[in-house]
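Biologist: Please take me through the terms used for this model, one label at a time. I would like each label set against its cut-off.

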Amino acid sequence: MSRREMLDIAIVGAGVVGGAAALALAREGWNVALVEAREPPRWRADQPDLRVYAFAPDNAALLDDLGVWASIRSARVQPYRGMRVWDAAGGDELRFDADAFGRRELGWIVENGLLVDRLWSALPAAGVRMVCPGQLAALEQDEGHATLELDDGTRLRARLVIAADGGDSRLRTLAGIETYTHDYGQNAVVAFVDHERPHEATCWQRFLPTGPIAFLPFAGEDGHRSSIVWTLPETDATRLLQVDDTAFLRELDHAFAGTLGALTAVSKRVAFPLRRQLAQASVAGRVAVIGDAAHVVHPLAGQGVNLGLRDVAQLRALLQKQRSANRDPAAPASLARWARERRSENALAAYSFDGLNRLFSNDNLLATLARGPLLGLVGKLPPLRHAFWKRAAGL
């Protein structure tokens, strides 16, 4: 671009949240550039992505509005109609059922790689300028615009800059936004396994003193394949990455109490470190922070990417109003209002998941005695159960 050309919006980070933001804002008529360090590999059906999400209905509606959800669904998604949650120490089970809420499904299990692939495929037609490879080196801000300088000397001038470059966001750091961070000392071990009994289009989660273990139904294999997300202390997670399949499956079966019968390993195992992290601000000058750059939460409720896409949906709604009124997209008062609303919701979610993890991931006698009855109480009060699900579903 020429030295005089001005973008409306420049976004750094082209994962699910950054890609969706670029597509949504370009479709609204904004002049958008998207910066990403490397192009993602193309999604392949024969190479399932170990990173999957429990995708909520409001975000499916967002991607449908952006014209990509139909392509994602036709490729591979697994609708889930039920959720079952229980504590290993005993007590009642908490169940959610789509029929009880008058819905066809509660949500969908979707691969990260598939979402990114379909979003990237839609970006050129929407007029998004792709800057890839592009590595952020510096940020300058003045009253009228922000300038991104890349490591090859390229300079991008924009009225609004959006950080969507993950939990270790370079742009957030350059904008001077610090974070509140808590290391859980836990890793999430993820893998695909086949099981003897069908998953029944159900998400299963069992709480253990070391952390929750979840079996998320995965498409294919006639309902006998699931993605596991097993939260463990770091030392246990490291050990389980090193043992052979037989030893791993033996411990997995014990942790899951044989709920779905005999297990078979069908993928490698990978572990991700877990932390709670909240940006101390969502806006600094002409920089707005979204997705994991703004908030990293515990995966026990599957809400990470859902929260990020809600950042996008609310930012799009704000900028629609700005564009209709021919206003600056980075008008301080409007951005500040968006930032307050999103930070409040994201902080509530982060600390709620943190509290659940602390309550269920320990062997304290009083906590152990309370957990089962608490789950049972929610399960026996339909309005409360419905309220829990509606909040998670974004409805």
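Biologist: Why is Glu111 called buried?

Modeller: Glu111 has a relative accessible area of 1%. Buried means under 20% relative accessible area, with over 50% called exposed and the range in between partly exposed (1.4 Å probe, protein chains only). Glu111 is therefore buried. A word on the basis: this is a predicted model, in which local features need pLDDT of at least 70 and side-chain atom pairs count only at pLDDT 80 or more, while totals for chains, interfaces and linings use all residues. Residues are numbered from 1 along each chain as its sequence is written, and side-chain values use heavy atoms, leaving out hydrogens and water.

Biologist: What makes Glu111 and Arg76 a salt bridge?

Modeller: The term requires a side-chain nitrogen of Lys or Arg within 4 Å of a carboxyl oxygen of Asp or Glu. For Glu111 and Arg76 the closest N and O atoms are 2.8 Å apart, and the pair forms a salt bridge. Glu111 lies in strand β7 (residues 107–111) and Arg76 in the loop between α3 (69–75) and β4 (78–80), so the pair ties together parts that are 35 residues apart in sequence. Helices (H or I, at least four residues) and strands (E, at least two) are DSSP runs, numbered from the N terminus. Arg76, with a relative accessible area of 15%, is also buried.

Biologist: How many salt bridges does the structure hold?

Modeller: There are 19 salt bridges. One of them joins Asp194 to Arg225, with the closest N and O atoms 2.6 Å apart. Asp194 is in strand β12 (residues 179–195) and Arg225 in strand β15 (residues 225–233), so this pair ties together parts that are 31 residues apart in sequence.

Biologist: Why does Asp194 count as buried?

Modeller: Its relative accessibility is 17%, and the limit is under 20%. Arg225, with a relative accessible area of 17%, is buried on the same criterion.

Biologist: Which residues are linked with Asp117 in a network of salt bridges?

Modeller: Arg42 and Arg118 are linked with Asp117 in that network. Between Asp117 and Arg118 the closest N and O atoms are 2.5 Å apart. Both Asp117 and Arg118 are buried.

Biologist: Why are α1 and α8 called roughly parallel?

Modeller: Helix α1 (residues 16–27) and helix α8 (residues 304–324) pack at an angle of about 20°, with their axes 9 Å apart. Axes are lines fitted to C-alpha atoms, for helices over the stretch in contact, and angles run from 0 to 180 degrees between N-to-C directions. Angles under 35 degrees count as roughly parallel, over 145 as roughly antiparallel, 65 to 115 as roughly perpendicular and the rest as oblique. α1 and α8 are therefore roughly parallel.

Biologist: What makes α2 oblique to α8?

Modeller: α2 and α8 pack at an angle of about 50°, with their axes 10 Å apart. That angle makes α2 oblique to α8. The contact (heavy atoms within 4.5 Å) is made by Asp58, Asn59, Leu62 and Asp65 of α2 and Asn306, Leu309, Arg310 and Arg316 of α8.

Biologist: Which residues of helix α2 are buried?

Modeller: In helix α2 (residues 57–65), the buried residues are Pro57, Asp58, Asn59, Ala60, Leu62 and Leu63. Just after α2, Gly67 has a positive phi of about 85°.
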